[in-house]
Amino acid sequence: MTIVESQPRQDGSFIVFLKGEQRGKDNLTVPEILKSNAAGFPDKVAIIDLASGKKITYGSLWSRVCALSFGLRELDLGVERPIAILSENSIDHAVVSFAAMVLGVPVAPISVAYSQFSDQTLISSLFNQLTPGAVFAEDAGRFDRSLSIASRVGANTIASRGTGTDQMLADLEIATAQSPDLSTIDSETIAKILFTSGSTGAPKGVIVTQRMICSNQAAMAAQWPFVNEEPPVIVDWLPWNHVYGGNLVMMCALGNGGTLVIDNGRPVPELFQKTIGNLTEYRPTIHFGVPRGFDLLVPALEEDEAFANAYFSRLRRMFTAGAALPAATWDRYRALAKRCSGDDFVAHVAWGATETSPVVTISPPDNERSDNLGVPVQGCEIKMVPDGDKQELRLRGPMVTPGYWRNDKATTEAFDEDGFYRIGDAGRLLDGDAAKGILFDGRISENFKLATGTWVRVNSVRLATIDALRPAITDAVICGHDRNEVGVLMFMNLSGCREIAGEPQADMSRLINSDRLRDHLARGLAQVGKGGGSSGRVARGLILTDAPSQEDGEMTDKGYLNQRAALRKRAGNVIRLFEEDTHQSIVLAARQAARTLSNTGHAT
């Protein structure tokens with residue numbers, strides 16, 4: 001049994017950690033793990049790419065990785081000249097990434113969305129930071145503008161297909177019986193440079209070492225010992241330029257001799273039916289997901305018993321990144337699991353960041369709360385530091401980055417005097433007991449004060465708003481800095497709005513005037529924080545008729561809303577929200593509307 005300890009310090013902070021020594025694969029490297037798996041079960045399928053219809057075994061994967069590693073030696077690569085990747089998740093993407101690791105060359109997968117932006121300033125900035133020696137683009141034609149920018153910093157182009165490229169991927173693979181020398185890399189070798197989403201500023205290159213990846217997998221295996229006897233089957237779409245998909249999910253499958261099925265669906269209405277079909281056919285044993293995906297998955301499971309039975313038929317664990325999952329979605333999912341899954345099924349909430357590779361906490365098996373980040377994984381220490389009425393969370397352990405790529409200033413600012421990483425989140429112990437878990441208490445940088453001096457905890461209000469207004473909205477931007485009350489910008493769910501209004505064909509320009517929809521929103525807003533103080537109550541909302549923009553930084557690859565970027569882009573909407581009560585896009589909470597009518601002498 002694991003024991004969580006809490007160690008008080010003289011400055012009023014305390015450190016929470018899991019007692020016991022870490023064991024397993026924490027001192028290995030990714031290439032060593034892949035080589036071992038190829039030798040142990042060469043004919044087992046490692047990756048299935050549903051977009052291309054291709055699959056590859058562990059033996060073939062390792063053969064291609066070795067062959068490409070010999071070819072890449074001709075391209076003048078090194079620690080200061082890494083490989084950048086501009087591609088969706090695919091078998092070739094995996095081969096390039098692992099071949100670079102064999103050579104000790106950092107690999108930097110870059111968000112595909114960045115390459116598609118009309119303004120290429122961001123991708124140009126990233127290439128200038130990286131100075132890549134090579135750029136891999138699976139489809140050269142699709143990424144031609146970004147490849148042109150890369151060539152200006154002296155990068156070779158590698159492609160699987162397309163014309164006009166400097167080098168075809170297949171031409172670089174040198175078939176040989178010679179095995180690459182893995183002794184040149186160790187646990188401190190840089191494996192990847194992963195760029196942050198930019199939610200707290202411009203994207204920074206996070207240095208990810210072999211130790212970070214492998215120690216995190218060892219910590220997860222300690223939580224899930226069944227993966228040693230039952231290699232995971234994982235159906236997943238999460239992009240590999242993100243630490244969640246590219247480190248945790250990929251290596252949970254490939255590091256434990258399992259099968260990674262690259263989902264060709266996405267958690268958006270027009271593509272989610274593909275995901276349902278893939279989950280039905282391949283029946284995962286572990287399901288990794290994000291809140292937006294579960295928002296679509298839960299109603300699909302509730303409406304289709306055959307799908308629910310197939311999905312849960314051999315599912316052992318569900319894992320979601322914490323803090324952003326609405327409680328109603330969590331509760332409905334757990335109710336489905338109780339009805340359809342086996343006795344050994346556990347739904348987990350977890351927490352981490354790009355800088356922690358990524359998991360630092362995971363909720364206990366008996367957890368019932370969606371906001372419980374859990375207890376530290378093996379090897380992680382969490383310092384809880386008083387910050388006003390909050391406890392700031394800081395992290396230390398083998399999964400934490402040594403710093404940012406070529407950014408000494410950001411590195412220095414990210415760590416405290418004891419070497420703990422400042423993640424920027426706040427938390428509090430559940431019932432004051434470290435063994436029960438840490439409750440998420442908002443991002444320190446997102447929270448703001450009302451004119452009264454009262455702090456607004458943005459994440460708590462956001463989740464309560466989504467729950468109260470469903471299914472009318474998909475997300476919410478909380479605002480009211482230096483105002484007298486809290487307001488919300490509402491991103492609308494067209495299908496949900498049509499259902500509420502009883503108008504199945506209407507668009508948002510028509511629905512915005514629907515009395516039934518506006519009444520639903522007004523009553524829902526009045527329920528947020530009901531009975532509590534002003535900092536938890538929402539007085540007004542503004543209907544947005546467009547979606548959050550990824551190009552403007554409002555939405556990340558994983559579907560998370562960036563509050564600060566949305567507030568910057570929509571400053572005009574915020575002014576309207578608080579100063580134009582009669583505008584058609586404004587909805588006053590039911591209690592606020594009644595108060596306004598009373599003040600103007602029109603109350604009934």
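# Reading the pairs, sheets and burial

Author: Gly374 stands opposite Ile438 in β22, in a model that is predicted. The strand that pairs with β22 here is β18 (residues 372–376), and the two are joined in the antiparallel sense over two bridges.

Reader: What makes β18 and β22 count as a pair of strands?

Author: The requirement is at least two bridges between the strands, and β18 and β22 have two bridges, so they meet the requirement. Strand β21 (residues 421–429) is also joined to β22, in this case by four bridges, and these two strands run antiparallel. Across that pairing, Asp425 stands opposite Arg443 in β22.

Reader: Why is β22 described as largely enclosed?

Author: The reason lies in its residues: six of the six residues of β22 (residues 438–443) are buried, so the strand is largely enclosed by the rest of the structure. To be called buried, a residue must have under 20% relative accessible area.

Reader: Why is Thr474 called partly exposed, rather than buried or exposed?

Author: Thr474 has a relative accessible area of 27%, and since buried means under 20% and exposed means over 50%, this value falls in between and the residue is called partly exposed. Thr474 is found in strand β25, and, leaving aside residues up to four places away in sequence, it touches Arg292, Ile466, Phe491, Met492 and Asn493.

Reader: What makes β25 an edge strand in its sheet?

Author: The sheet is an open one of four strands in the order β25-β26-β27-β28, with mixed pairing. Within it, β25 (473–479) and β28 (586–588) each have a single partner strand, so one side of each is left without a neighbour in the sheet, and they stand at the edges. Neighbouring strands of this sheet are turned by 25 degrees against each other on average, when direction is ignored.

Reader: How do you know that β25 and β26 are paired?

Author: At least two bridges are needed, and β25 and strand β26 (residues 486–492) pair in the antiparallel sense over six bridges. In this pairing Ile478 stands opposite Val488 in β26.

Reader: Turning to the aromatic rings, why is the pair of Phe294 and Tyr333 called edge-to-face?

Author: The structure holds 16 aromatic pairs, and in this one the rings lie 5.4 Å apart, centre to centre, with 80 degrees between the planes. Centres within 6.5 Å make a pair, and planes over 60 degrees apart count as edge-to-face, so the name follows. Phe294 lies in helix α11 (residues 291–303) and Tyr333 in helix α13 (residues 327–340), so the pair ties together parts that are 39 residues apart in sequence. Both Phe294 and Tyr333 are buried.

Reader: And why is the pair of Phe312 and Tyr333 called tilted instead?

Author: Here the centres are 5.7 Å apart and the angle between the planes is 55 degrees; stacked requires under 30 degrees and edge-to-face requires over 60, so this pair belongs with the rest, which are called tilted. Phe312 is in helix α12 (residues 305–312) and Tyr333 in α13, 21 residues apart, which links distant parts of the chain. Phe294, Phe312 and Tyr333 belong, together with Phe307, Tyr311 and Phe345, to one aromatic cluster.

Reader: How do you know that α12 and α13 are roughly perpendicular?

Author: Their axes come within 10 Å and cross at roughly 80 degrees, and since angles of 65 to 115 degrees count as roughly perpendicular, the description applies. Where the helices meet, Ala308, Asn309, Tyr311 and Phe312 in α12 face Tyr333, Leu336, Ala337 and Cys340 in α13 as contacts.

Reader: Finally, what makes the charged end of Arg316 count as sitting over the ring of Phe226?

Author: The charged end of Arg316 is 4.3 Å from the centre of the Phe226 ring and sits over that ring; the distance limit is 6 Å, and the charge must also be within 35 degrees of the ring normal. The charged end of Lys204 likewise sits over the ring of Tyr404, 5.2 Å from its centre.

Key: Residues numbered from 1 in each chain as written. Predicted model: local features only at pLDDT ≥ 70, side-chain atom pairs only at ≥ 80, totals over all residues. Heavy atoms only, no water. Phe/Tyr/Trp six-rings, centres within 6.5 Å; stacked < 30°, edge-to-face > 60°. Buried < 20%, exposed > 50% of the residue type's maximum accessible area, 1.4 Å probe, protein only. Axes fitted to C-alpha atoms, helices over the stretch in contact; angles between N-to-C directions. Contact = heavy atoms within 4.5 Å.
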